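Hi,

Here is the structure I promised to pass on.

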Amino acid sequence: MTDREPILVTGATGTTGSRLVPRLTARGFPVRAAGRRPTQQAGARPIRFDWHDPATHHRALDGAARLYLVPPVAAPDPAAVMLPFLERARTAGVRRVVLLSSSALPAGGPGVGQVHAALPDLFDEWAVLRPSWFMQNFTGSHLHARSIRTDGTILTATGTGRVAFVDADDIAAVAVHALVDEPAPPGPDLVITGPQALSYDEIAATLTAVTGRPVRHRPLTYEQQRDRLAAEIPEEFAALLARLDRAIAEGTEDRVTDTVERLTGQPPRSFRAFADQQAW
């Protein structure tokens, strides 16, 4: 790829995309910042893109050589819309695809795991970012952030299970390497974590210390969490998220990887350092 070939970033105003776009433009890569409500970002070309509107796909892909792929939000079957788009991308000349997935979803697993499994048959150059749960889930409009602000609680079905929460800035830093490193992406399956696995009880204790306000973790059953989430998101997706909580309780996310430091040369940010920098 020459420096003049554009990179298409879907979800460009989202948690990782908004952090990825400026990193790419700072390195001189032409970027198409795609989203349902295209927003001007320094050095990037805003372009409308909607997973559920195929009429927006051709213009977004035209001339793009590489693609950062953020799945449609809360879609119970993302492969149904993503795989036809990826077929079109291959035909349009896209050579490298970097998919944002989750540490909880292996190739062939549910949801985005089906898209992960299809990539080797579609592209010669591909990588899947599988970050752990985002530190940003405790800020902004996320459900955890809202319950913390409302009554000082974090509600999960994770029990005492631990998660190596990761900062979205560290995910974006890894994504740059996956998109532009030559001659090939730095590994097809990149599990990205923070430096320490923490339980939600430990997260609550950290937030209490940082904010000066009491925060506690309230454990729920799988059924309670499923029904609570289903009040705000599609039922099938709510059930998936509740199952992922149950998997955390069983220890599936209690791991730390060296992906961030190995690829970027910098250690991942700790949750305490992240929390200290927020305007709670």
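First, how the chain divides up. The domain assignment gives domain 1 as residues 7–131, and domain 2 as 132–167 + 192–254 + 267–279. Keep in mind that this is a predicted model. Taken over C-alpha atoms, the centres of domain 1 and domain 2 sit 26 Å apart.

Now for the interface. On contacts, 12 residues of domain 1 meet 12 residues of domain 2. Between them the two domains bury about 1100 Å², and 72% of that is on carbon and sulfur atoms. On the domain 1 side, the residues that lose the most area to domain 2 are Ala-74, Pro-76 and Pro-131, which together make up 42% of what that side buries.

What about charged and polar pairs across it? The salt bridge count between domain 1 and domain 2 is 0, while 3 residue pairs are in polar contact across the interface, both partners at pLDDT 80 or more. Strand S6 (residues 125–131) supplies the largest share of the domain 1 side that touches domain 2, with 3 residues. By type, the residues on that side split into 7 nonpolar, 3 polar and 2 charged.

You'll find Ala-74 in the loop between S4 and helix H3 (79–92).

On the annotation side, the unreviewed UniProt entry carries "domain: NAD(P)-binding" over residues 11–105. In the model, that stretch is 31% helix and 20% strand, with its end C-alpha atoms 19 Å apart.

Back to salt bridges, this time over the whole structure: the search finds 16. One of them joins Arg-66 to Glu-182, with the closest N and O atoms 2.8 Å apart. Arg-66 belongs to strand S4 (residues 66–69) and Glu-182 to the loop between helix H6 (168–180) and strand S9 (189–192), so this pair ties together parts 116 residues apart in sequence.

Glu-182 has something else going on. The peptide bond from Glu-182 to Pro-183 is cis, with omega near 5 degrees.

Which residues does Leu-241 contact, leaving aside its neighbours within four places in sequence? They are Leu-229 and Ile-233. Leu-241 itself is in helix H9 (residues 235–249). From Leu-241 to Ala-230 the C-alpha to C-alpha distance is 9.9 Å, for a separation of 11 residues in sequence.

That's what I have for now.

Cheers

Definitions and conventions:
Residues are numbered from 1 along each chain as its sequence is written. This is a predicted model: local features need pLDDT of at least 70, side-chain atom pairs count only at pLDDT 80 or more; totals for chains, interfaces and linings use all residues. Side-chain values use heavy atoms; hydrogens and water are left out. Domain bounds come from an automatic or database domain assignment. Contact means heavy atoms within 4.5 Å. Buried area is the accessible area (1.4 Å probe) that two parts lose on being put together, summed over both. A salt bridge is a side-chain nitrogen of Lys or Arg within 4 Å of a carboxyl oxygen of Asp or Glu. A polar contact is a pair of N or O atoms within 3.5 Å; within protein, one must be able to donate a hydrogen and the other to accept it, and residues adjacent in sequence count only if both atoms are side-chain atoms. Helices (H or I, at least four residues) and strands (E, at least two) are DSSP runs, numbered from the N terminus. Ala, Val, Leu, Ile, Met, Phe, Trp, Tyr, Cys and Pro count as nonpolar, Asp, Glu, Lys and Arg as charged, and the others, Gly among them, as polar. UniProt positions are given in the numbering used here, feature names are shortened, and annotations may be inferred rather than shown by experiment.
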